[in-house]
Amino acid sequence: MLNSLFIINTSGDVILEKHWKSVIHRSICDYFFDAQKKAACPEDVPPIIATPHHYLISVYHSQIFLVAVSTEETPPLMVIEFLHRVVATLTSYFDECSDSAIKENCVMVFELLDEMLDNGYPLVTELNILQDLIKPPNFLRNIANQVTGRTNISEVLPSGQLSNIPWRRHGVKYTNNEAYFDVIEEIDAIIDKQGATVCSEIQGYIDCCSRLTGMPDLTMTLVNPRLLDDVSFHPCVRFKRWENERVLSFVPPDGNFRLLSYHIATQNIVAIPVYVRHSILLKGGIGSRLELTVGPKQSMGKVLEDVVVEMTMPKAVQNCNLTPSHGKYSFDPASKLLQWNVGKIELGKPPTLKGTVTVSGTAVVEPPPISVRFKINQLAASGLKVNRLDMYGENYKPFKGVKYITKAGRFQIRT
Amino acid sequence: MTDSKYFTTTKKGEIFELKTELNSDKKEKKREAVKKVIASMTVGKDVSALFPDVINCMQTDNVELKKLVYLYLMNYAKSQPDMAIMAVNTFVKDCEDPNPLIRALAVRTMGCIRVEKITEYLCEPLRKCMKDEDPYVRKTAAVCVAKLYDMNPQLVEEQGFVELLNDLLSDANPMVVANAVAALSEINESKPLIEVNSQMVNKLLTALNECTEWGQVFILDALSGYTPKDEREAQNICERISPRLAHANAAVVLSTVKVLMKLIEMLPADSDFIASLTKKLAPPMVTLLSAEPEIQYVALRNINLIVQKRPDILKQEMKVFFVKYNDPIYVKMEKLDVMIRLAQQSNIAQVLSELKEYATEVDVDFVRKSVRAIGRCAIKVEQSAERCVATLLELIQTKVNYVVQEAVVVIKDIFRKYPNRYESIISTLCENLDTLDEPEARASMIWIIGEYAERIDNADELLESFVDGFHDENTQVQLQLLTSVVKLFLKRPTDTQQLVQRVLSLATQDSDNPDLRDRGYIYWRLLSADPAAAKEVVLAEKPLISEETDLLEPSLLDQLVCHIGSLASVYHKPPSSFVDNTKAPLRQLQPNAAALATNGSSTGMDMDSAPGLIGVPSVGGAAGGAVPSQDTLIADLLQLDMNPMGGVAAPAAPAAAHVAAPGGGLDDLLGLGGGPSYGAAPAADPMAAWGMAPAAAAPAPSGGGLNDLFGLGGPGSPSLGGMLGGGGQQGYQTPKALWLDAATHKGLQVEGAMVRKNGAIYMEMAITNKAMQPLSDFAIQFNKNSFGLVPAQPLHIAAPVFPNQTTQVSLQLATNGPVQKMEPLANVQIAMKNNVDVFYFATIVPMLVYFAEDGLMEKRDFLELWKEIPEANEQQFTIANVRNLSADDICAKLQANNVFTVARRSVDGQELLYHSIKYTNKIVVLSELKISAASQSLTLSLKSRHQTALVSLEEVYQKIFDN
């Protein structure tokens, strides 16, 4: 299991270290720094590094690495999942899991890590319970604590910890009972030069925000549950009922959580809602040009919003001189990122970005792939639809709402 | 109001400041001070000096303060064990606290304090907590047992905590069960105390549905160690765990896949149940690929295993492995590997167009791998070969240096796989000759030119251009150049004689590289002896290259499939290499091993197997009888190599070794070996000859060695090992023991024994290669041991050991190495290295190899010494005389093992024999044997100044007598 955890920033400082068994000297991180130096960018640092006596398992998140050290055979996925859970927990406590957030709250991070892991075994990772044990920082509470001398640490055992529904606390009370569901679908696609789809898939989630009093038992039925053949559930979902009746039955955790995620594979044809036409020539000297046109396609009458087109230009590209018909564009000569913020695409003439590019040298440079981001409200690309939501076990009438959003996941167009 | 304020320091000195604050009366100030201490601790500052002051804050009602102090304690208790004792009372008290949170906290922290003295105090509270009414406390206590076991395993066993843990498996609360499983599996890892049985499996399956995600991982991992009784049980387990495939936690999913993959093996292969189960397996694995990149990486490494074992599962899912340009490089590389594994006729078009796309990306390593992948597709799917070649040609046209080089390397493989099909492209390749600057690409190109010399008009010119810079080339290129020029000569003898002579002299006379010289001499001899035979050997039919070059060995694959989701499966290394027991010798040997690793020469493997030695076995029979005068040939060969070294015996020894290598190979090459005794271990003899060479002052054994070496001894000639032993009297020889097992050491199997012969200790080894690639670059090193045993010379195995071959090695050892007493006394830790890895093993050396030849004592000295050694140092044993040996037999037997008879006398029908033994480290042991006519047993009394020298000597005697 986990012996130690080091939190390291991209410049190679150890921000925090925590040991669950005996202390492992931080010089172990040198192996990690070596790997970090070898990698072209922080994302490329291999997640598992073997050293003579230890294994370093790391995850990368917003400029920091969480590096777990293990001395023996350990399921690496468990460690990685746990580290991601740490990131999620810290994010929910401090709004971000970053260098400065950790430095500013190092004692609380330390306390949290201690609650989350015992002897290297994950102990409490449910956010609901953690928040009961250690109250998240909050300006008002800080002031109150200052005055009353109380602390953020709970003095009693949280009740949910050991019940058969460990994800929910007891005695939740709201004046306004409400439950919102977001059906979010992300389209991952690779489109080739000619505009044909190489592969496409939908990664979907149903995220939920529940503010319900007591112990509500919810049942959600879908119009077309057959769509979901590859699905992973939050532990609260009763799998038996799903298998037999294709009904989602669950006692929800309090607050925000992901009810389920699903994957609609490549065999099913996914409607691609956007197209990008491109004509790019990158060449040293004069004659380099770039022209992009982006427009809706099979968007089922919905409007494309928040459209952003991005290209990371090759190193040889010095500058861009482009004119967008809609939106704004920017080019960062340091990171070579060309970003075109199109915004909403209205009906009519499709937006274009046209102009010249300055390229150093004389050789012809391969144009980089284009990535596109967009959002479509009130549409689930797969056609998934919630039929109804019923509540049992409590006798108030909650306010319910469902929202559908389709977004671009990793949507790439080859050039 | 952030914690960063805790880092601000005043000029006076932080520690001093904190000390005063910690001793402050104000609660608030105290708490802030402890927080500052913790903050310093989190960034690795040493605040252990504050230990007593922090401990003083422990007695408090404030839970936060208590927790903080506990955090501090866990970190520093080890450095202040005496002070830590002070905290024990508070712990014991807290374990009785009415608040379960405090009870759990106390027992948890106590387990984390890794101080020997505290463990005794821990037992009672822990026992109580394991039976606590609150499940939270019980579950914390379960983990605490694992912690305690880590510190003091004996205590845990004595106190019966393992049984208590076992009881917790039936706990009503699933969380408690999960933690008990986790603790038990951790304990079981170091020493199997509890076996998973079917009753326990039922309990675990019940708990599985209700416990937390992490608990599910523990339970599934425990289940994977269980082998069901029959099919029905296996099927039942499968059914009960398969819903876990839909879990949101990737670790749970992969652990479920592991158990299922293992159980599937037990079920009949064609049942419907299997079909439906394998159908269920694909979607969750695909889902893992849309998770975070780190998870994708682990998933891909495991998918790589799964598709090797069961290609059907993911055969429809090719597209999910397509690479996105912003995938991290480690994900890209793995995806590529899986893509090639899944490539087949139906999807090859898609795969190829993807690979072509990747070959134009920016990342050099990825591009290279993509080009290689195209070549592998061509070799794997015959129908696609043409398209692959066309794609490669297109890529060559891009003139991107590294793309061209990679393409040339893979085209060479395609040529070998499909001879006489795509040679039309050779001209295009030749155009790019100048751009090649990497050894592998150059060597490949040279191979192509040599192989198709008859079709390339200016082949001689091309090769000549390479020959001009012969000495600047890498060894790999030099070897290849040598072979190719010889091929060229055999194909076009008229106009290339000069060239071949030039290359041969470059290789044999001007090179320091033994491999190169060896090969040069072989060719030279071959060509001068019989060009016809040379043609048959050099231009022989090449063995086919396999479709999948990088498949894991089946045995390793099976092992790894049972460990899906573990580190072993990520590294594709046998799980045993991750277990703790290998760690002990590892730690001690580390510096040596590092040296060893750097010492080893890193001659690259021969990529062109056909004309070199690799192709040998297939040629053997065909060429048999073609060469007339092997005697002269051998004589010449010997002379050749001896000459530059001078005819003196001592320096000739290493030379002999060099001769041996090509000689052994050559014989076999020409099929002259003939005799069955020889054929059995062709590669072994050169080695053995070398082992003996330094001792070659006496010409007889050396001659014998050479005889044998060249197969002249005929079928009846004794093996070399026998020859060596034959010189002296035959002592007891320990049978060979298995030192390294192929299954767990990457296909390297070593059986061996330590023997004493001709006044020296030898390590006799049989090295078997069960891997799929040749093993070479062997080296060996000993750790410090009781008798200072070290190799007298480096381990030298001239020829690589090829798959499924065994090489016999006899390595002379000396006893002048560094000494360190080992436990057990005769234990020796050995590190063995080859081109694959470094392996460690330990062996018990039979004591009698340390008995020196000069162990015979004068009677008087013996008597004096016997008297001098106190009675306390005497040990008596009874030894069974099963074979009913007479006194004379016994003396003869002992004498053969360097146990020397000093005196004999008869008293009252009893025969008394006095013997002396001298170890190589000059310690003397005296023995007295009483043989009574009446009884079958002997009484042995042993005496030595050093008690330890007597350890297990009686077993040695027994062995000698029984032999």
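Biologist: What makes up chain A in terms of helices and strands?

Modeller: In this predicted model, chain A holds 7 helices and 23 strands. Each helix is a DSSP run of at least four residues, and each strand a run of at least two.

Biologist: How much of chain A is called buried, and what makes a residue count as buried?

Modeller: Of the 415 residues in chain A, 58% are buried.

Biologist: Why are β12 and β22 of chain A called edge strands?

Modeller: Good one! The open sheet runs in the order β12-β10-β22, with antiparallel pairing. Strands β12 (247-250) and β22 (386-392) of chain A each pair on one side only, so they are the edge strands.

Biologist: How do you know that β10 and β22 of chain A pair?

Modeller: Pairing takes at least two bridges. Strand β10 (residues 217-222) of chain A is joined to β22(A) by 6 bridges, so the two strands pair. Within this pair, Met220(A) stands opposite Leu389(A).

Biologist: Why is α2(A) called roughly antiparallel to α17(B)?

Modeller: Helix α2 (residues 76-94) of chain A packs against helix α17 (residues 293-309) of chain B at an angle of about 170°, and their axes are 10 Å apart. Angles over 145 degrees count as roughly antiparallel, so α2(A) is roughly antiparallel to α17(B).

Biologist: Which residues of α17(B) make the contact with α2(A)?

Modeller: They are Glu294(B), Ile295(B) and Val298(B), while α2(A) brings Pro76(A), Leu77(A), Ile80(A), Glu81(A) and His84(A). The contact divides into 5 nonpolar, 1 polar and 2 charged residues.

Definitions and conventions: Residues are numbered from 1 along each chain as its sequence is written. Chains are lettered from A and ligands numbered from 1 in the order in which they are written. This is a predicted model: local features need pLDDT of at least 70, side-chain atom pairs count only at pLDDT 80 or more; totals for chains, interfaces and linings use all residues. Side-chain values use heavy atoms; hydrogens and water are left out. Buried means under 20% relative accessible area, exposed over 50%, partly exposed in between (1.4 Å probe, protein chains only). Axes are lines fitted to C-alpha atoms, for helices over the stretch in contact, and angles run from 0 to 180 degrees between N-to-C directions. Angles under 35 degrees count as roughly parallel, over 145 as roughly antiparallel, 65 to 115 as roughly perpendicular and the rest as oblique. Contact means heavy atoms within 4.5 Å. Ala, Val, Leu, Ile, Met, Phe, Trp, Tyr, Cys and Pro count as nonpolar, Asp, Glu, Lys and Arg as charged, and the others, Gly among them, as polar.
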